[in-house]
Amino acid sequence: MNVDKWMDFVNAIGFAVLGAYLLFGHANMYGWIGAITCFAIARVLYGKFSRGVYIEQSEIYTERSLLQLPKKYSVHKNIRLGSATLPFVVVGPNGVFVIVDRSVNGTIFCDQDSSSWTVHKTGQKGGEYTATISNPFKILGWNIHVLSEYLKKNGCKVWIEGCVFFTSQQSALVSPPPRCFDSQTALQTYIMEYQPRKPLSPQTVEQIRGLLKKQN
């Protein structure tokens, strides 16, 4: 985890301690207002830290899943192309695959054509609530477009596939569209069994790998 995320955690603890000091050490209106403000800031910072932990765990799980593919596949992480960062790209003789990972707990109602998906969750105390997440296929489509343009500019015109991978053990997909998985095995099987119209030549595979390494 990077330094910025740990700073969120440290600062959250600092504001919580300061809030406690103001609450118990200054028993007046100004102390209470200061304490409430500090606790609110601490909660926001800790939320950022927790989300960072979930994202990092999701990335680690996805990377481990992809690294279990046969040796003929190479895994490229955090490919930076302009303002876009592609979390994972897999290159093999049967194609190029862009993977977008998500860590979301709850029951996820998928709709590939919608701008957002609905998530039903159960809180720690048993209460149920609903949240929304952005449709991950939108960012997947953009990532595929950006990568395709980059490869074309460098003399490599190939078809690019992609999929969305939900990594949380506490997620359940309802009506998932094609190329949307919540299983490590399903992700790996999709990549290994994909049948392209035209397999990539060894020279093309190496060319693509070289271009991706330049942007890593």
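This is a predicted model: local features need pLDDT of at least 70, side-chain atom pairs count only at pLDDT 80 or more; totals for chains, interfaces and linings use all residues.
Biologist: Which parts of the chain does the pair link?

Modeller: Glu63 belongs to helix α2 (residues 29–67) and Lys77 to strand β1 (residues 74–81), distant parts of the chain, with the two residues 14 apart. Helices (H or I, at least four residues) and strands (E, at least two) are DSSP runs, numbered from the N terminus.

Biologist: Is Glu63 buried, exposed or partly exposed, and what makes it so?

Modeller: Buried means under 20% relative accessible area, exposed over 50%, and partly exposed in between (1.4 Å probe, protein chains only). Glu63 has 26% relative accessibility and therefore counts as partly exposed. Lys77, at 24%, is also partly exposed.

Biologist: How many salt bridges does the structure hold?

Modeller: The structure holds three. One of them joins Glu149 and Lys152 at 3.9 Å, N to O. These two residues are separated by about one helical turn, because they stand three residues apart in helix α3 (residues 136–153). Another joins Arg209 and Glu206 at 2.9 Å, N to O, and they too are three residues apart, in helix α5 (residues 202–214). An α-helix has 3.6 residues a turn, so residues three or four places apart point the same way.

Biologist: What makes Arg209 buried or exposed?

Modeller: Arg209 has a relative accessible area of 14%, so it is buried.

Biologist: How do you know whether Asn143 is buried or exposed?

Modeller: Asn143, which lies in helix α3, has a relative accessible area of 2% and is therefore buried. Leaving aside neighbours within four places in sequence, Asn143 is in contact (heavy atoms within 4.5 Å) with Thr85, Leu86, Pro87, Val98 and Val100. Other buried residues of α3 include Phe137, Leu140 and Leu147.

Biologist: How does the span of α3 compare with the one expected?

Modeller: The expected span of a helix is 1.5 Å times one less than its number of residues. With 18 residues, α3 reaches 26 Å from its first C-alpha to its last, close to the 26 Å expected. At the N-terminal end, Asn135 caps α3, with a side-chain oxygen 2.9 Å from the backbone nitrogen of Phe137. Just after α3, Gly155 takes a positive phi of about 75 degrees.

Biologist: Which residues make the nonpolar surface patch?

Modeller: Leu23, Phe24, Met29, Tyr30, Trp32, Ile33 and Phe39 make this patch of about 820 Å². Patches are made of residues with over 30% relative accessible area and no salt bridge: like charges are joined within 9 Å, nonpolar side chains (Val, Leu, Ile, Met, Phe, Trp, Tyr) within 5 Å. Accessible areas come from the Shrake-Rupley method with a 1.4 Å probe; for residues, only the protein chains shown count as cover. Ile33, at 47%, is partly exposed. The largest share of the patch, five residues, comes from α2.

Key:
Residues are numbered from 1 along each chain as its sequence is written. Side-chain values use heavy atoms; hydrogens and water are left out. A salt bridge is a side-chain nitrogen of Lys or Arg within 4 Å of a carboxyl oxygen of Asp or Glu. A polar contact is a pair of N or O atoms within 3.5 Å; within protein, one must be able to donate a hydrogen and the other to accept it, and residues adjacent in sequence count only if both atoms are side-chain atoms.
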